[in-house]
Amino acid sequence: MASDSQIEYHLRELEAALDTASPAHALPDFRQDDRSILDIGCGIGQSLIVSGDEPGCLRVGIDVDLQSLTYGRRHYPHIYYVLTSAEALPFRSQAFDLVMSRVALPYTDLRASLSEVARVSASEGRIWLSLHAFKKVAHHLFASIKAGAWKDVLFRLYAMCNGAAFHFFGLQFRFPWKNRYESFQTRSGFARTLRQLGFIDIRFPAGRHFLCTARKP
């Protein structure tokens, strides 16, 4: 995706985040006692923008796309933007009351990124994560087959195998030619990993989006 198109995509997401009637609207329950919020894969900070701008709350967004962070820093100075990956969060342990991620985690090494989420989550901290169901990866696979995009078909098959490996064994593998991760997630496999990392109250709210919430005791 071109850089300008990436910013346009994030701006459309901001519109959806502000419009509770939008089919794309999906946000955690922000609370007044959330004194620190981390958004993994924040883009321009669209989800953090909706969380408010009270000076008593620390809002931090991380992403691997520098242009998106630069745009966000220029337009929303009450948010702190950090260029880093989910697998290596540069924050102290137990730093955040709420850790959220919309769409980004399925493109990471989940064992590493979720371990970091657990580390930076405060005692009684909450997590809110948007995930990829099997049908999403399957839809992309069939679209690639229909378009005759055979290199992408190979990658989609990898993503499906990677999701199965995570479901059954809690393992993932990097795609060698693109140097990236992608997978689908299942409720049972994902919940098992969260329990191993010490999370409790693991829930998958019903709705059009595949979401997971949990709490760090």
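Is R31 buried, partly exposed or exposed? R31 has a relative accessibility of 44%, so R31 counts as partly exposed. The structure is a predicted model.

D29 has 52% relative accessibility, so D29 counts as exposed. The cut-off for exposed is over 50%.

Side chains of opposite charge can pair when their charged atoms come close. The count of salt bridges comes to 10.

## A buried pair

Now take E182 and R156. They form a salt bridge, and their closest N and O atoms are 3.1 Å apart. E182 lies in the loop between α6 and α7, while R156 lies in helix α6, so the pair ties together parts that are 26 residues apart in sequence.

Both partners can be checked for burial. E182 has 1% relative accessibility, so E182 counts as buried. R156 has 14%, so R156 counts as buried too. The pair also belongs to a network of salt bridges, which links D152, R156, R180 and E182.

Strand β7 covers residues 211–215. Of these 5 residues, 4 are buried, so the strand is largely enclosed by the rest of the structure.

Which way do β5 and β7 run? They run antiparallel, joined by 5 bridges. I127 has A214 of β7 as its bridge partner. Strand β6, residues 200–203, also pairs with β7 in the antiparallel sense, over 2 bridges. Here R203 stands opposite T213 of β7. In a regular strand the side chains alternate between the two faces of the sheet.

D201 pairs with R215, and their closest N and O atoms are 2.8 Å apart. D201 lies in strand β6 and R215 in strand β7, so the pair ties together parts that are 14 residues apart in sequence. D201 has 36% relative accessibility, so D201 counts as partly exposed. R215 is partly exposed as well, with a relative accessible area of 24%.

## Helix α4 and its cover

Helix α4 spans residues 110–120. Its buried residues are L110, S113, L114, E116, V117, A118 and V120.

What covers them? The cover includes the strands β1 (36–40), β4 (96–101) and β5 (121–130). It also includes the helices α6 (150–169) and α7 (187–196).

## Q46 in helix α2

Q46 sits in helix α2, which covers residues 46–50. Its relative accessibility is 5%, so Q46 counts as buried.

Which residues does Q46 touch, leaving aside its neighbours within four places in sequence? They are H10, E13, L14 and A17. With E13 there is a polar contact from side chain to side chain, at 2.6 Å.

## At the surface

A nonpolar patch lies on the surface. F168, F169, L171 and F173 form it, and together they have about 500 Å² of accessible area. One of them, F173, lies in the loop between α6 and α7.

H140 is in helix α5, residues 134–147. Its relative accessibility is 25%, so H140 counts as partly exposed. How far apart are H140 and V82? They are 58 residues apart in sequence and 30 Å apart in space, from C-alpha to C-alpha.

Key
Residues numbered from 1 in each chain as written. Predicted model: local features only at pLDDT ≥ 70, side-chain atom pairs only at ≥ 80, totals over all residues. Heavy atoms only, no water. Buried < 20%, exposed > 50% of the residue type's maximum accessible area, 1.4 Å probe, protein only. Contact = heavy atoms within 4.5 Å. Patch = residues over 30% accessible without salt bridge, like charges linked within 9 Å, V, L, I, M, F, W, Y side chains within 5 Å. Areas by Shrake-Rupley, 256 points an atom, 1.4 Å probe, with all protein chains shown as cover. Salt bridge = Lys/Arg side-chain N within 4 Å of Asp/Glu carboxyl O. Polar contact = N/O pair within 3.5 Å; in protein donor to acceptor, adjacent residues only side chain to side chain. Pairing = 2+ DSSP bridges.
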